[in-house]
Amino acid sequence: MTADTRLPMALQAPEGLSRRARYFVEGHGLRVPCRDLTPFREAWLEHGIPAAEIDRAMAFQTRWGGLALPPAPAYEGGPRVLETDVPEGSAADGWRLPAGDCRFSMAHGFMIGPGGEFGIDADHWTPLHASTEGWVEALALADHAGYWARTITKIKGAAVEELDLDGFEPVPEVQGLVDTWWRGEDSLIAVYRGTASGFDAPQCLRADIYGGLDAWGLGGN
């Protein structure tokens, strides 16, 4: 029996990710078939969708389409598979792209904003990270920190607002907007505000504190 040479032997992570995120994608992700959007182009143009937005959707599909990653720590695990569809919006409100179906039936969806932001569409649009790369970096960092931390503390609601971040610095690669990561002397803190912001529900704030990390656990990018 000969190998099917049409299939890649290993998943190659998109360019522009940190080393940690590349290892995460290539070690834990897989690429599944996704739709070619080319046949939809003319129909979308006829429905008034700008050519630039269709091109943006096709570029997203080329870069991310079909990428399945392990569940995210929040948002019921995140998208099942990264894949986009018909752009949604208007010239006045801006255009967004679906980012992939939810893993479960949920009251929000995952979207890519006008500037490439990765976020959720709940009661209103809430960008979580400045890019899809930021979302993937956050997944990779959660996996990395969860493996190396000696302790993991989960807090919710008002206690999140009382977190003392003095001495912590934001982790730049996650490109946090509503959701942020913070690096301290021996710990990492992930703050998830998306659900609270998207549904105007402060009680849904949550944070994960990864303690007892050495230099590798804190960095490793």
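These legends describe close-up views of a predicted model.

Local features need pLDDT of at least 70 and side-chain atom pairs pLDDT 80 or more, while totals for chains, interfaces and linings use all residues. Residues are numbered from 1 along each chain as its sequence is written, and side-chain values use heavy atoms, without hydrogens or water.

**View 1. Confidence along the chain.** The mean pLDDT (the predictor's confidence in each residue, from 0 to 100) is 93. Of the residues, 95% reach 70 or more. Among the elements, strand E10 (residues 180-183) has the highest mean pLDDT, 98. Helix H6 (residues 194-198) has the lowest, 90. Helices (H or I, at least four residues) and strands (E, at least two) are DSSP runs, numbered from the N terminus. Residues 1-9 have pLDDT below 50, and beyond near neighbours in sequence this stretch makes 0 contacts (heavy atoms within 4.5 Å) in the model.

**View 2. Helix H1 against helix H4.** The axes of H1 (residues 19-28) and H4 (residues 132-148) come within 9 Å and cross at roughly 80°. Axes are lines fitted to C-alpha atoms, for helices over the stretch in contact; angles run from 0 to 180 degrees between N-to-C directions. H1 and H4 are therefore roughly perpendicular (65 to 115 degrees) to each other. H1 contributes Arg20, Ala21, Phe24, Val25 and His28 to the contact. H4 contributes Val136, Glu137, Leu139, Ala140, Leu141, Asp143 and His144.

View 3. A search of the whole structure finds 0 disulfides (cysteine sulfur pairs within 2.5 Å). Cys34 is in no disulfide; its nearest cysteine sulfur, that of Cys102, is 18 Å away. Cys34 is partly exposed at 32% relative accessibility. Buried means under 20% relative accessible area, exposed over 50%, and partly exposed in between, with a 1.4 Å probe and protein chains only. For the sulfur of Cys102, the closest cysteine sulfur is in Cys204, 16 Å away and too far for a bond.

**View 4. Surroundings of Tyr192.** Tyr192 lies in strand E11 (residues 188-192). Tyr192 is buried, at 9% relative accessibility. Leaving aside neighbours within four places in sequence, its contacts include Pro73, Tyr75, Trp181 and Cys204. The C-alpha atoms of Tyr192 and Cys204 are separated by 8.8 Å, and the two residues are 12 apart along the chain.

**View 5. Val86 in its loop.** Val86 sits in the loop between strand E2 (67-68) and strand E3 (88-90). Its relative accessible area is 29%, and Val86 is partly exposed. Not counting residues up to four places away in sequence, Val86 touches Trp44, Ile49 and Pro98. Leu37 is 49 residues from Val86 in sequence, and 8.8 Å away in space, C-alpha to C-alpha.

Definitions and conventions:
Parallel < 35°, antiparallel > 145°, perpendicular 65-115°, else oblique.
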